[in-house]
Amino acid sequence: MLFSAPLGQCQTPSLEGIVAKVQEQYDTRADFKANFVQESMVKSLGKKQVSEGTVYFKKPGKMRWNYQMPFKQEIVSDGKTLWNYRPEDKQVMVGQMSQAVQGKVPSTFLAGLGNLQRDFQARWVKEPSPKEPYSLELTPQDIQGSLEKLFLLVDRESYQILQARIQDVMGNTTQISFSQIQFDNRLPDSLFTFSPPKGVEVFNLPGASPAGQTGK
């Protein structure tokens, strides 16, 4: 069940209402694209890596992450198979979407596979301010891989997710900030398939069905 901390002002929207509006925003959209900045921190190493690129989602379960910085990388899924291609290494790792993405956020939620109201217990990080995005903390109702907490910044007017920060049980964090968000772009299914380029070696991860062969 969702719950709300006492806010002291009857005008303040309820926590349940905000979460429902966010869910509705993504339930009613066919696809989504945005620029992103990803900041990953490995606690044991005390090291942060910043990546940038463009991301695309299409229901049900399709996604493409095109990383441009600090190096090029493509992570693509047609909803079943997931390809991870790094041109610099001339290798493609092939796995199953269900195995590769544990937990329902942010990738699976944005791809139409997750439900914030069903899968999480929510609370305010801090009381809502008229001038700031809504700040939410969500804790999984059940174990979702290594996910411990999900933090969301939500636009007050559009209920779009501006930032998602994932914290795992080891204290590692991944923060993804979205900009230039666009919905219902009629993205073609061809955007969510991948064919290994010539000269690229393909590795099928355990449990993955063969989805490509060494480029020739």
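Colleague: Where does P70 lie in this predicted model?

Modeller: Go by the strands on either side. Strand 4 covers residues 73–77, and P70 is joined to M69 by a cis peptide bond, with omega about 0°. That puts P70 in the loop between strand 3 and strand 4.

Colleague: Okay, D184 next: what is its phi near?

Modeller: D184 sits in the loop between strand 11 (173–183) and strand 12 (201–204). Its phi is positive, and D184 is a residue other than glycine. The value is near 50°.

Colleague: Is R186 buried or exposed?

Modeller: R186 is in the loop between strand 11 and strand 12, and it has a positive phi of about 55° although it is not a glycine. To count as exposed, a residue needs over 50% relative accessible area. R186 has 79%, so the word for it is exposed.

Colleague: And which class does D184 fall into, with its relative accessibility of 39%?

Modeller: Buried means under 20% and exposed means over 50%. D184 has 39%, so it counts as partly exposed.

Colleague: Zooming out, how much of the chain counts as buried?

Modeller: The chain has four helices and twelve strands. It has 216 residues, and the share of them that counts as buried is 40%.

Key
Residues numbered from 1 in each chain as written. Predicted model: local features only at pLDDT ≥ 70, side-chain atom pairs only at ≥ 80, totals over all residues. Heavy atoms only, no water. Helix = DSSP H or I, 4+ residues; strand = E, 2+ residues; numbered from the N terminus. Buried < 20%, exposed > 50% of the residue type's maximum accessible area, 1.4 Å probe, protein only.
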